[in-house]
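This report describes the strands, the loops and the domain layout of one protein model. The sequence and the structure are shown first.

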Amino acid sequence: MNSGNSSSFVFNLPTLRTWLIWLAVFWLLGLVGLGWLVRSLLILVAFLMLVPVIVLIGFRWWVHRNVLQAPCPVCQAQLIGLKKTSTQCPSCGTTLQVVEGQFQRLSAPGTIDVDAVDVTVQVLED
Ligand SMILES: [Zn+2]
C-alpha cells in the first residue's frame, strides 16, 4: 500500500515541478509588467482548446440536419445519404433523390411511377 503511494508520488513529481516552473515564470512576467502577455497567452490557450469542441459540435449539428437514413423505395435496403443531393443505391443501383425526408427514384420529367397490384384470378366451375 505504501509502495503504491510512493510510486505515484515519484511519478507525479516531474509533472508538479513543471507546473511550478510555469507558475513561477508567469508570476515573474507579471512582476516585470508583462501581465498582458500572460493574459493573452492564457486566452490563446483557452481559444485553442475551445475551437475543436465548437467545430465538433457544429459538425454534429450539420450532420444531424443534412444526413438522411431511410429505406430504398425499390429494394427496401437501408441507405444513408445527404439531403439536396442525388445518391445511388448500392444494393440495386437505382439513382435516388431526397424528397420530403424520403428517398425517391430520380426519373425523367413526365415519367409516371405506378405500383403493380397483384390480381388473383378465381376460376369458377359450374
Ligand atoms: Zn435499392
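Does K84 count as buried or exposed, and why? K84 counts as exposed because 8 C-beta neighbours lie inside 10 Å. By definition, a residue is buried if 20 or more other C-beta atoms lie within 10 Å of its own, exposed if 12 or fewer, and partly exposed in between, with C-beta atoms placed from the backbone.

The model is predicted: local features need pLDDT of at least 70 and side-chain atom pairs count only at pLDDT 80 or more, while totals for chains, interfaces and linings use all residues. Residues are numbered from 1 along each chain as its sequence is written.

**Domains**

The domain assignment of the protein gives domain 1 (2-63) and domain 2 (67-105); such bounds come from an automatic or database assignment. Taken over C-alpha atoms, the centres of domain 1 and domain 2 are separated by 47 Å.

Strands here are DSSP runs (E, at least two residues), numbered from the N terminus. Two strands pair if DSSP finds at least two bridges between them. Strand β1 (residues 67-71) pairs with strand β2 (residues 78-82) in the antiparallel sense, over five bridges. Within this pairing, Q69 has I80 of β2 as its bridge partner. Six residues lie between the strands of the hairpin, and Q76 takes a positive phi near 65 degrees there.

Strand β4 (residues 95-99) runs antiparallel to β3 and is joined to it by three bridges. Q88 stands opposite T95 in β4.

**Loop residues with positive phi**

Most residues other than glycine have a negative phi.

| Residue | Phi | Loop | C-beta atoms within 10 Å |
|---|---|---|---|
| K84 | about 70 degrees | between β2 and β3 | 8 |
| E100 | about 55 degrees | between β4 and β5 | 5 |

E100 is exposed, since 5 other C-beta atoms lie within 10 Å.

Technical notes: Helix = DSSP H or I, 4+ residues; strand = E, 2+ residues; numbered from the N terminus.
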